[in-house]
Amino acid sequence: MSHFCLRAATGVVMGLSGSAAMADLTADQVWQGWTGYMADAGYSITSATSQSSGTLTIRDLALEMDMPDAEGGVSMRVGEIRLVENDDGSVSVTLPATLPIAIAAIDDEAQQVTADLEIAHEALDLTVSGTPDAMDYTYSAEMLRLALTRLQAGDETPEIRAAEIRLEDMTGNSRSDPGDAARSVRQELRAGPVTYELDITEPEDGATMDVSGSMDQVAFTGDASIPQSFASDDVAAALREGFRFASSVEYETGRTAYRVEDAGDMLEGSSSSARGSLRTSMGPDGLSYGASGEEVTMAVRSSDLPVPVDLNMARMGFDITMPVIESETMQDYAANLELSDFTMSDQLWSMIDPAGQLPRDPATLRVDLDGTGRLFLDLLDPGEVEDLEGRDSVPGEVESLTLNALVLELAGARLSGEGAFTFDSDDLESFGGAPAPEGTLDLRLVGGNALLENLVAMGLVPEDQASGMRMMMGLFARPGEGEDELVSRIEVTEDGQIIANGQRLK
């Protein structure tokens, strides 16, 4: 639903296309730019217009758009918009204080779902400058709010006490520039504080959910290159034509609190972080997605948990890069995960280690890998993905994998490693149907024996199993230079041999 709401709001507030270039803008040129953008986005438009003394007034504006597969639609009603020509060649825009949006859809259970939303603002100042082909939107507002006022799914109508996102002290700009083959769009927005709240009760069983949060400051940037042949209903084709976008959201001091109650069960908690970011990009070369937070705290209480759960991390984050369209050439992929200086409360530690035998130093996990591979299908084409489920085939192949870093620090032990492998997809016999690997993996374990002895003393690992683990470590590893240090080099050769520290295993 939010996708259609955003397109509706964007169509009214920040239309991004125009007609023939001129030195200054007129109100009519801005209006023609809006209607052209909204029509290209799939909306049908009705309105009544009048013009007098450099002011264009649009009344009874109605926007309608069908959802894909004729499973509903979105509509928007706007009372009156005024476009006023200024002496400097810009155009000022006056919008109603509230803009209602109605959405109808069919859910997975074939139920009719309807939702009513409302966009509201206070002291919105919106000015359009530039040329009809390259409009520059500058805006600010004391407050901008998007609220869900009513939701119905079939015969059920949840009680909504609050469901809104609120941006205060908002400023931003949006610019669209034409090109020979593609139009470039850049947007920037800053706001703070940003608050959100969802307080809802299910009518059937009385289950409640209450979520609220805030961010002191938020900064958003977005860039897109949109080819002239862009079709929103075929993303894979658009990517092949050169469509790409990148966005970044950064925030300062984020907080969230929640409470869920259902049939006597309760779950509540809170989280916070000093700062964080969310990054997304997509283009012909693939999809990238990542998020991170610093000075992260989490607290969870539940009727199903014997003790409260309190966790802290200096940093947590991940990044993923992967191809999304079919290709005859290899493309890059990567994955990165980091949880650093992880600690938990003494109450939680006491459940695991009541005698305090394990070191309670902060734990860290870091995995950084990349490589090359290619897809045999378009992941963004639902039809191709659905067909794959009924076929005895693989969706793609991996050519190479590099482990740039592996670090695990836990309970006084530290495991680290790095390595690199290539894969031969023409050889599916040497390793039981999997592409044959070739490469080397280096591992180093410090404090492993001490950790194993502590686990045996705690009764978490039986002595006979510990003996088996020691035999395995003796087979795959050798003593290092330091105390309680093991190192291992695992090699897979071109002819299919597996060698551990110079000893052939296969």
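Hi everyone, let's start with G290: setting aside neighbours within four places in sequence, this glycine is in contact with S277, L278, R279, F318 and D319, where contact means heavy atoms within 4.5 Å. A quick word on the source: this is a predicted model, in which local features need pLDDT of at least 70 and side-chain atom pairs count only at pLDDT 80 or more, while totals for chains, interfaces and linings use all residues. Residues are numbered from 1 along each chain as its sequence is written, and side-chain values use heavy atoms, with hydrogens and water left out.

Back to our glycine. G290 sits in strand 15, residues 286–302; strands here are DSSP runs of E with at least two residues, helices are runs of H or I with at least four, and both are numbered from the N terminus. Is G290 buried or exposed? It is buried, because its relative accessible area is 0%. Buried means under 20%, exposed means over 50%, and partly exposed is in between, using a 1.4 Å probe and protein chains only. G290 and A335 are 45 residues apart in sequence, and their C-alpha atoms are 9.5 Å apart in space.

Now to the core. A nonpolar core is a set of buried Ala, Val, Leu, Ile, Met, Phe, Trp, Tyr and Cys residues joined through side-chain atoms within 4.5 Å. Which residues touch the most other members of the largest one? They are V30, W34, I81, L83 and V93, out of 40 residues. Take V30: beyond four places in sequence, V30 is in contact with L25, L83, V91, V128, M135 and Y137. A second, separate core has 11 residues, including V309, M344, L358 and A411.

On to aromatic rings. The structure has three aromatic pairs. To pair, rings of Phe, Tyr and Trp (its six-membered ring) need centres within 6.5 Å; planes under 30 degrees apart are stacked, over 60 edge-to-face, and the rest tilted. W31 and W34 have ring centres 6.4 Å apart and planes at 65°, so this pair is edge-to-face. These two tryptophans are about one helical turn apart, because they are three residues apart in helix 2 (residues 27–40). Both W31 and W34 are buried.

What about F243 and F245? Their ring centres are 6.1 Å apart with planes at 45°, so that pair is tilted. F243 is buried, with a relative accessible area of 11%, whereas F245 is partly exposed at 26%.
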